[in-house]
Amino acid sequence: MMAALIAIALGALTAGGVYLMLRARSFDLILGLTLLSYAVNLFIFFMGRIRIGAAPIVDGKLAPTLANYADPLPQALVLTAIVISFAMTAVLLVIALRARAATGSDHVDGRDPIQ
Amino acid sequence: MSWTHWIVVPIVLPLMTGALLVLIGRQAPGWTRLISLASMLVLLVVAMLLLRQADDGAVQAYLLSNWRAPFGIALALDRLSALMVVLAALVGLAALLFATGGDDRRGVHFHALFQFQLMGLNGAFLTADLFNLFVFFEVLLIASYGLLLHGAAVARLKASIHYVGFNLAGSALFLIAVSLLYGVTGTLNMADLAERVPGIGADRAPLVRSAALLLLTVFCIKAAMLPLNFWLTDTYRSASAPVAALFAIMTKVGVYAVLRMTTLVFGDTGGLAAHAASPWLPVLAMATLGFGALTALAAQQLNAVVAACVIASAGTVLLGIGLATPASVAASLVYLVNSTLAGAALFLLAERIAAVRGASADRLQPGHLSGPRAEFGAAFFVLAVAVSGAPPLAGFLGKAMLLQAAGNTPLAGWVIAVILASALLIMVAMARSGSVLFWHPARAHTPLVSKEGAAGSHEAQRWSLAGLIALLVACSVFAGPLSRYAQAAAAQLFERRGYIAAVLGAQPVPAAFDVRREMRARQTGRP
C-alpha cells in the first residue's frame, strides 16, 4: 500500500516535470527540472527501502542489521543530490534571466516560433 | 617516486589552483595567467608520471579518507585512466596557452573555471565509484556552463539554456540509474558492482538491465551519440575557441564512461545483465558517424564543420567500443587520442582564421585572408588529414585497426562501409572548406574587424597550435608505442581481475594517529 502510494506520487511528479520541460519556456523548464529532481531525490531515498521509525545511526543497542536500522547511504546520497540540483537550478535561473533580458522572449530558442 | 598520493594530485591540484584563482581573480589579475599555466604544467608532468606508473600493468587503487573499498570512495589508476588524464592535460595546456592570447581577459574567472573543469575531467577518469562519477560529472558540467557563457554573447546564452537544460535532465536519469543499481545490488563501487551484478537473480535482472541502459543513455548524452547529440553543434560553435577545444575532451568523458562500464560491469561476465548495451551501441555509433559526416558536408561555417567532425570522431570511437573485442577497443583508443588532438587543434585554427578574415569570419564563402596564407594553409592541411583519418597520420592507423578488428564480427560489412564512406565525406567537407578559405580570395577588400592586438598574444596562440600539430605528428612517428599501449590498455580492460582485485583488496594505511580508535577509547573510558 505504502509502496503503491509512493510509486504514484513519484510518477505524478515525473510526469508533471517532463510535461513542463517540454513546454519550451525557460520558466516552465526550470519548474519542470525542479519537479523532476524532487521525484529523483525521493526515488534515491526509497531505494534504501521504505522504513518507518528506524534511525540510520547505529546506537549499539540493537544488532547492526538493516532489520533494525534504516540504510544511511541513500540518505547521504540524496543530500548530495539535493545540494547539486539546487546549485544547478540557481545557475539555470541566472542564465534564463539573462537570456530573457537579452532576447526579450522567454522561449528557450530566444524567439517564439509562431508570431 | 613511490609516493602513493600521486594519483590524487590531478584532482587536488586543479581544485587548489582554482580556489586560489577565485580569491585573487579580482585583486591580482596579472598573476592569474601565470599561476594557471604553471599549475597546468605541473599537472602535465604528474600525468606523465602516472602514465609511466600505469604502464607496468598493475592497477593502483587509492582509498580516499582511508576507508576500505566498498564502503568509502576509491580512486583507481589503470592504463586507460592514465591515458585519458594525460590527454586531458595536453589538450588543457594547449587550450590554456591559446586563451592567454586574449580570450581569458573577457571575464574575471576564466582561469578558475578552467581549473575546475580540469578537476572534474580528471576526477571522472580516475574514480572507481559510480556516485562519485556523478559528482565529478556535475563538477565538470557546472564549470563548463561558466566557460560556455564566458564573454557572454546572445548566441551563447541561447545555446547555454539548451545545453544546461539537457544536461540537467541527463543528470536526473543518471541519479535514477545509480540509485536503481544501489537498490538492487547494495553497492556503488564499480569493482564491487562487477562482482555482484553476475549474481543477480532472474527476478531482478530486468531492473539491472534497465539501469545499465539508463547509464548508457546518460553517458551517450555526454558522448554525443546520435539521437542525443543535437545540443553539441550549437554549443561548441558558440563557445570561444579555447573552451571549444577543451570541450573536445569533454565528449570523451562520456566515451570513457561507456567503455569502463561495458567492459567492467556489463561485459561477458555480467551474468543476466551481460551485453545490455550490445544490440544498441554499434548500430547507433554507426548512425552517429554517418550523421557527423553528413553534417560536416552541410555546414556553412568552419567551426560547424569541426563540431561535426567531433561528432563523427565520437561515433568512430563508440563503434570500436560497441564491437567489444580487445582489438576494436585498442583501435578506438588509438583513434581517440588522434581525433581529440585534431578536433581541439581545428577549433583553435578556426578561431585564428576567423580573426584574420575580417567580416566573413569563418563562414565558408570567399573572403579576404589578411594573414600568412601559407602558414594557415599548411596547418589546415595537416589537421584536415588528421581529422579525416587519412594516411600518413596516426588517425589512419586507428581506422585501419578498427577495420581489421571489424573483420570477424557479424556487422563487418556495415562497419567497413560506414567507416570508409564517412571518411570520404569528411575528406570532401575538409577539402571544400580549405579551397573556399584559401583559394577564393574576394576582390573587394572587407574591412578588418580589429580584435585586441597585443603583438605577443598571437605568438602564444601560434605556439599552442604548433604544439598540437607537433603532437599529432609525434603520435604518427611513435605510432608503434602508442598502439602497443592501446592494446595493453584494452587487454587490461577485458581482463578485469586486476582492476577488481586492486580496488577491493586495497588496504587502509595504518594511521599514525587513529582518531576513530581514540574516540572509541574515550567513550568506553568515560561512560
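Among contacts in chain B between residues at least 6 apart in sequence, what percentage join residues at least 24 apart? The share is 80%, where two residues are in contact if their C-beta atoms, placed from the backbone, lie within 7 Å. This is a predicted model, in which local features need pLDDT of at least 70, side-chain atom pairs count only at pLDDT 80 or more, and totals for chains, interfaces and linings use all residues. Residues are numbered from 1 along each chain as its sequence is written, while chains are lettered from A and ligands numbered from 1 in the order in which they are written.

**Chain A**

- Chain A contains three helices and zero strands, both being DSSP runs numbered from the N terminus (helices: H or I, at least four residues; strands: E, at least two).
- Read along the sequence, the pattern of chain A is α-α-α.
- The radius of gyration of chain A is 19 Å, whereas a compact globule of 115 residues would have one near 13 Å; the radius is taken over C-alpha atoms, and the globule rule is 2.2 Å times the number of residues to the power 0.38.
- The C-alpha trace of chain A spans about 65 × 30 × 15 Å along its principal axes.
- Of the 115 residues in chain A, 26% are buried; a residue is buried if 20 or more other C-beta atoms lie within 10 Å of its own, exposed if 12 or fewer, and partly exposed in between, with C-beta atoms placed from the backbone.
- Among contacts in chain A between residues at least 6 apart in sequence, 52% join residues at least 24 apart.

- Chain B has 20 helices and two strands, and 57% of its 527 residues are buried.
- Leaving aside neighbours within four places in sequence, the contacts of Val91(B) include Ala245(B), Ile249(B), Thr340(B) and Ala344(B).

**Contact between the chains**

- Chain A contributes 28 residues to the contact and chain B contributes 24 residues.
- On the side of chain A that touches chain B, H3(A) gives the most, with 15 residues.
- The residues on that side of chain A divide into 21 nonpolar, five polar and two charged; Ala, Val, Leu, Ile, Met, Phe, Trp, Tyr, Cys and Pro count as nonpolar, Asp, Glu, Lys and Arg as charged, and the others, Gly among them, as polar.

**Backbone exceptions**

- Most residues other than glycine have a negative phi, and most peptide bonds are trans.
- Ala24(A), in the loop between helix H1 (2-21) and H2 of chain A, has a positive phi of about 60° although it is not a glycine.
- Ala24(A) counts as partly exposed because it has 14 C-beta neighbours inside 10 Å.
- Arg496(B), in the loop between helix H18 (479-495) and helix H19 (497-505) of chain B, is not a glycine but has a positive phi of about 65°.
- The peptide bond from Pro391(B) to Pro392(B) is cis, with omega near 10°.
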